[in-house]
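Colleague: Hi! Could you walk me through the aromatic rings in this one?

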Amino acid sequence: KNVLVLEKETSGGQIIKASCVENYPGFTKVKGMALGQAFYEQASSLGAELRYENALEIRKNRGLFFVKTEDNEYVGKTVILASGTHPRKLEIDEEKDLGKGLSYCATCDGAFFKGKTVSIIGGGNTAIDDAFYLSDICKHVYIIHRRDILKAEPIKVANLKTKDNVSFIYNAVLKEIKGKDAIEEIILEQNKREMLLKTDGVFIAIGSVPNT
């Protein structure tokens with residue numbers, strides 16, 4: 001059978017944004033980009049064809065599926081939806097202008113903050129992984145979590161707490177980002193009181209929303 005893979009962005013999916021993967025079978029430790037490339041090479045060696053196109057519409061007629069993209073329409077007997085997710089947003093006004101130091105991907109944008117202070121919003125595995133990665137690049141990293149206990153795996157948290165340049169701020173919610181041409185400081189609400197924090201960048205890691 002012929003297999004066509006339609007990919008909107010980059011083969012490998014979200015795993016390519018992981019700086020290091022340590023829990024995938026067969027790999028003691030591997031970079032996310034390398035793992036994503038391995039996925040592509042294996043599928044390609046087995047005959048799968050990859051095209052970088054965005055699926056806009058799927059119709060079914062007489063047992064066949066018609067998949068429309070910007071440039072083409074494909075016909076197949078079976079369609080598998082694996083459209084992934086996109087980062088959940090905080091729904092604050094400043095998110096509309098990502099060019100001021102607001103990011104959803106530490107491995108993508110971390111290099112821009114070398115030697116600077118950054119803040120990460122979140123308390124799950126992604127937030128902790130991002131903090132660990134950024135701690136080797138940035139001067140200081142703040143983890144800001146709305147609860148008093150982190151949701152991430154204990155081993156990840158324990159490893160992060162060995163870093164001298166990482167601080168944890170609990171029971172705090174980001175209310176506002178301030179700065180003219182770049183982020184200068186953020187306003188947090190902690191235990192019903194406002195708190196001002198100097199920071200050069202903000203990384204949001206509060207989960208994902210399905211693209212379906």
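Predicted model: local features only at pLDDT ≥ 70, side-chain atom pairs only at ≥ 80, totals over all residues.

Colleague: Is tyrosine 24 buried, partly exposed or exposed?

Modeller: Tyrosine 24 is partly exposed, at 37% relative accessible area. Phenylalanine 27 is partly exposed too, at 35%.

Colleague: Which residues form a cluster there?

Modeller: Tyr24, Phe27 and Phe39 make up one aromatic cluster.

Colleague: OK, what about phenylalanine 113 and phenylalanine 203?

Modeller: Those two form an edge-to-face pair, 5.4 Å centre to centre with 70° between the planes. The pair links distant parts of the chain, 90 residues apart. Phenylalanine 113 is in the loop between helix H2 and strand E8, while phenylalanine 203 belongs to strand E14.

Colleague: And why does phenylalanine 203 count as buried?

Modeller: Its relative accessible area is 1%, and buried means under 20%. Phenylalanine 113 is buried as well, because its value is 8%.

Colleague: New topic: which ring does the charged end of lysine 161 sit over?

Modeller: The ring of phenylalanine 168, at 5.7 Å from its centre. There is also lysine 163, which lies over the face of phenylalanine 132, 4.6 Å from the ring centre.

How values were computed
Residues numbered from 1 in each chain as written. Heavy atoms only, no water. Buried < 20%, exposed > 50% of the residue type's maximum accessible area, 1.4 Å probe, protein only. Phe/Tyr/Trp six-rings, centres within 6.5 Å; stacked < 30°, edge-to-face > 60°. Helix = DSSP H or I, 4+ residues; strand = E, 2+ residues; numbered from the N terminus. Lys NZ or Arg CZ within 6 Å of the ring centre and 35° of its normal.
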